[in-house]
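Let's take a walk through this model, from the overall layout down to a single side chain. Have the viewer open as you read.

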Amino acid sequence: MDSNEHRWVFVKRFWYTATASAMVLALLACLAIVASAQYHGQYEHKEHYAHPKYKFEYGVKDPHTGDHKTQWEIRDGDVVKGAYTLHEADGTERVVEYKSDGHNGFEANVKNSLGILNGVINFK
C-alpha cells in the first residue's frame with residue numbers, strides 16, 4: 001500500500017468517526033432538549049381564588065298584575081345572607097330570611113305577615 005492509499009484510508013476512517021461522533025452528539029442534544037422540556041417547560045396550573053363578595057337588592061310593585069315582591073342578598077366569602085318577600089294570593093305576605101356558611105350549612109326561616117312561623121329549613 002502506498003502513501004496515497006494510506007492517506008485515503010485515514011480520511012475514510014476520520015470521516016466515518018467524525019460523522020458517527022456528530023450523530024451521537026446530535027442525538028444527545030435532542031435527548032437533552034426533550035428531557036429539559038419535560039421538567040422545566042411544563043405548565044404548572046395554579047388555582048386562582050378570588051374572594052367572592054357582592055350585594056344586591058330589587059323590588060317589584062305592579063298594581064296591574066298584583067305582583068309585589070322584594071329580595072336582597074349579601075355575600076362575603078363563604079357567608080351568604082338574604083331575604084325575600086312576596087304577596088300570597090290570600091293577601092298575606094310571606095317573608096323568607098336565609099343564611100348559609102361553611103359551618104352551619106343553609107338555614108331559612110319562613111313566616112307570614114301574621115307572624116306565624118311556617119317553618120325552618122336546614123341543609124348541611
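This is a predicted model: local features need pLDDT of at least 70, side-chain atom pairs count only at pLDDT 80 or more; totals for chains, interfaces and linings use all residues.

Residues are numbered from 1 along each chain as its sequence is written, and side-chain values use heavy atoms, with hydrogens and water left out.

The chain has 1 helix and 6 strands, and along the sequence they follow the pattern α-β-β-β-β-β-β. Helices (H or I, at least four residues) and strands (E, at least two) are DSSP runs, numbered from the N terminus. Of the 124 residues, 12% are buried, where buried means under 20% relative accessible area, exposed over 50%, and partly exposed in between (1.4 Å probe, protein chains only). The accessible surface comes to about 10,600 Å², and carbon and sulfur atoms account for 60% of that; the areas come from the Shrake-Rupley method with a 1.4 Å probe, and for residues only the protein chains shown count as cover. As for contacts (heavy atoms within 4.5 Å), take those between residues at least 6 apart in sequence: 7% of them join residues at least 24 apart.

Now look at strand 1, residues 53-62. It's hardly covered, with 0 buried residues among its 10. Strand 1 runs antiparallel to strand 2 (residues 67-76), and 10 bridges join the two; strands pair if DSSP finds at least two bridges between them.

Beyond four places away in sequence, Val80 touches residues including Ile74 and Tyr98.

Finally, zoom in on Thr92, in the loop between strand 3 (79-87) and strand 4. Is Thr92 buried or exposed? Its relative accessible area is 13%, so Thr92 is buried. Setting aside neighbours within four places in sequence, Thr92 is in contact with Leu86, His87, Ser113 and Leu114. The side chains of Thr92 and Asp90 also make a polar contact at 2.6 Å. That term covers a pair of N or O atoms within 3.5 Å; within protein, one must be able to donate a hydrogen and the other to accept it, and residues adjacent in sequence count only if both atoms are side-chain atoms.
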